[in-house]
Amino acid sequence: MTGQRTFRLGILGSGKGSNAAAIADACACGEIPAQVAVVISDRPDAGILERARERGLEALYLPPGKFRTKLDDAAEAAYIQALQNASVDLVALAGFMRILKGEFLRTFANRVVNIHPALLPAFPGLEAWKQALDYGVKVTGVTVHFVDQGIDTGAIIAQETVPVLPGDTAQTLHGRIQEVERKIYPAAVAALARGEIGVAGRQTVRTQI
Ligand code: GRF
């Protein structure tokens, strides 16, 4: 629609960037009514920055500071500033390997989402596909959720199942999970960009049809 400001996304990731690429491509072809305003990584060599640059998107490496699993205060301030400079409406985490807390989540309250490679609340944390395989579940899946102060505990927006097949290895299972991620994450971000998702405590609701 003319005159209407485009919804702006910030994407944070540390890895190869398949989810970021899927979101960017869905924006480019109009499936998501939004534009990727900035892609940020805590690793200078992360594939996600390359995926962003080859699409002509702004790609920033921002050093994470002195900690291994979170941003230090100066880094957190730099991340917030970069996202604010890009005027983002939503921050999508796509394989960002650091826990975000405190000031970051207050600044972007109810505006940070994540994709997790399991059916939460089962198997939070790292290598969730491997946790599922080791546990012996027959069904696992993918969850898109809001980010809160906990680890993979925020209100759930969307989930889809993935079967664990006989003979699956961590690699084959993760591959099938990632195929589902590349569908479900853009679909969830599209619903968020359209303003269709409301959140009240643990519950998310469709606010429009
Ligand atoms: C995905 O499997 C996602 O679920 C997890 O990290 C991985 C990121 O992959 N949080 P990519 O960098 O998007 O390819």
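Author: Start just after helix α2, where Gly56 takes a positive phi of about 75 degrees. This is a predicted model, in which local features need pLDDT of at least 70, side-chain atom pairs count only at pLDDT 80 or more, and totals for chains, interfaces and linings use all residues. Residues are numbered from 1 along each chain as its sequence is written, and side-chain values use heavy atoms, with hydrogens and water left out.

Reader: Which residues of helix α2 are buried?

Author: Helices (H or I, at least four residues) and strands (E, at least two) are DSSP runs, numbered from the N terminus. Buried means under 20% relative accessible area, exposed over 50%, partly exposed in between, with a 1.4 Å probe and protein chains only. In α2, which spans residues 47–54, the buried ones are Gly47, Ile48, Leu49 and Ala52.

Reader: What do the buried residues of α2 pack against?

Author: Contact means heavy atoms within 4.5 Å. The partners of these buried residues are β1 (7–12), α1 (18–28), β2 (34–41) and β3 (59–61).

Reader: Which strands stand at the edges of the sheet?

Author: Two strands pair if DSSP finds at least two bridges between them. The open sheet has seven strands with mixed pairing, in the order β3-β2-β1-β4-β5-β6-β7. Two of them have a single partner strand each, so one side of each is left without a neighbour in the sheet: β3 and β7 (156–163).

Reader: What is the bridge partner of Leu93 in β5?

Author: Strand β4 (residues 90–93) and strand β5 (residues 112–116) pair in the parallel sense over three bridges. In β5, the partner of Leu93 is Asn114.

Reader: What is the volume of the largest cavity?

Author: On a 1 Å grid over the protein atoms alone, a cavity is a set of points where a 1.4 Å probe fits but cannot get out, and a pocket is an open set with protein on both sides within 12 Å along at least five of seven lines; lining residues have an atom within 4 Å of a point. Grid points are joined across faces, edges and corners, and a volume is the space filled by probe spheres set on the points. The search of the whole structure finds one cavity of 30 Å³ or more. The volume of the largest cavity is about 40 Å³.

Reader: Which elements each supply at least two residues of its lining?

Author: The lining of the largest cavity includes Ala20, Val36 and Ile48. The elements that each supply at least two of its residues are α1, β2 and α2.
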